[in-house]
Amino acid sequence: MPSTKTGAEARKGANGARGKQRFDDVVSVVRALEPSYPVYCLRPELLTQTAKRFASMFPGTVLYAVKCNPHPAVLDAIYRGGIRHFDTASLPEIAQICDTYPDAHAYFMHPVKARAVIRMTHSAYGIRHFVIDHEDELHKVLEETGGQDIVVIVRLKTEDTGDSLYNLASKFGALPDEAAALLRTASEHGCKTGLAFHIGSQCREPKVYRQALALVGSVIAKAGVEIECLDVGGGFPANYANAVVPPLESYMAEIRSGLKDIGLKPTVSLFAEPGRALVAAGCSLLTQVQLRKGERLYINDGIYGSLSEMMQVDIRMPVRLIRLEGEASQRLRPFSLNGPTCDSLDVIPGTFELPEDVREGDWIEIDQVGAYSNALATHFNGFYPETFVEVHDAPPAAET
Ligand SMILES: *Cc1c(COP(=O)(O)O)cnc(C)c1O
């Protein structure tokens, strides 16, 4: 019978507030913990290095989008990479950033905010940047902050080109004419102004940024207002098993061209808000096979836990088998991965190639799960992935 430890036993050491257990590699994690519960394996050096690399390439200020992965160890690693600006969307996110990093700046990038939260974040945390996409929200911000020394950033709706896996413009954003009118109204009230857009997460086509910047150019011309900042949003992609995406360089090149096209004044501060591109590769997930039924593997994490993205959009994370005793077969065949809850929906779409003799007690490492994983996990049915360890293996050469 494969020996495994329960969560309670092993978590004791593994999960101190920030004092996570450190391991040389993922196999060492399996040896030490033999976990029957899912374990996130964070790679802090890779997170730090990815943040540095992005910041060195982007011609402006990088704001990390906290919602993508707000785990304290992830934020620490990104902070160590030099990131001091954060895209936040709620009072808890703003409090987390400002209370943890006294020299960091949070920006309130949600177009719909509770009045009390606008007031509180402005007075208690000194937040100055607020995103809006509607006139009523502009008045809420003006009333609750007093309108002095704030920057009103108008979120612009971009066209859905179908190149991103999520279309964030379906929910937020002002049309060009509305955006120009909002800029003028904010400016008339004595506010500094800015424009922002988000072309959708996991954007696979770099040109989309240049197209969005052309729209920004037309709105600035229409508004006749000097903006103070321009925010090109997130959307920068990560590599998954089913998607080799263009290199980050080509996204930066399109952004530079787009800025040149519209002749943006060099005095305008430029922001980006990457989430996924900074953290996807910095974490993998160790799961265990609880039962095999033919080609079905029942594992201990699923769509209500860390893996909901594979349900919602066409993202396929790479997998590998880890077995402590004996070698697994070299021959691969497709298996379905079934999550731990009683819900029959809790099955990851499609199949995964794994050794044909995979069996109960084997571990499956699912890679590239740093983005929108722990941040989205629920407690449904009593299953909740909450164990984090640090792994200090060498980052893959391609990322250096
Ligand atoms: C979610 C979000 C981001 C991060 O998006 P990614 O696609 O993960 O880079 C950035 N900005 C805003 C406003 C968002 O809502």
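How many residues of domain 1 are in contact with how many residues of domain 2? I put this question to a predicted model. I found 28 residues of domain 1 in contact with 25 residues of domain 2.

Entry, bounds. I looked up where the two domains run along the protein chain. The assignment gives domain 1 in two stretches, 7–43 and 281–399, and it gives domain 2 as 44–279. I then took the C-alpha centres of domain 1 and domain 2, which lie 32 Å apart.

Entry, buried area. For domain 1 and domain 2 I noted about 2,600 Å² buried between them. Carbon and sulfur atoms carry 57% of that area.

Entry, salt bridges. I searched the interface of domain 1 and domain 2 and got one salt bridge. I also have R276 and E309 down as a salt bridge, with their side chains meeting at 2.8 Å, N to O. This pair passes the rule because its nitrogen-to-oxygen distance falls within 4 Å.

Entry, polar contacts. Between domain 1 and domain 2 I recorded 14 residue pairs in polar contact, both residues being at pLDDT 80 or more.

Entry, the domain 1 side. I asked which elements give two or more residues to the side of domain 1 that touches domain 2. They are helix 12 (309–312) and strand 17 (387–391). Strand 17 gives the largest share, three residues. I sorted that side of domain 1 by class and wrote down 14 nonpolar, six polar and eight charged residues.

Methods. Residues are numbered from 1 along each chain as its sequence is written. This is a predicted model: local features need pLDDT of at least 70, side-chain atom pairs count only at pLDDT 80 or more; totals for chains, interfaces and linings use all residues. Side-chain values use heavy atoms; hydrogens and water are left out. Domain bounds come from an automatic or database domain assignment. Contact means heavy atoms within 4.5 Å. Buried area is the accessible area (1.4 Å probe) that two parts lose on being put together, summed over both. A polar contact is a pair of N or O atoms within 3.5 Å; within protein, one must be able to donate a hydrogen and the other to accept it, and residues adjacent in sequence count only if both atoms are side-chain atoms. Helices (H or I, at least four residues) and strands (E, at least two) are DSSP runs, numbered from the N terminus. Ala, Val, Leu, Ile, Met, Phe, Trp, Tyr, Cys and Pro count as nonpolar, Asp, Glu, Lys and Arg as charged, and the others, Gly among them, as polar.
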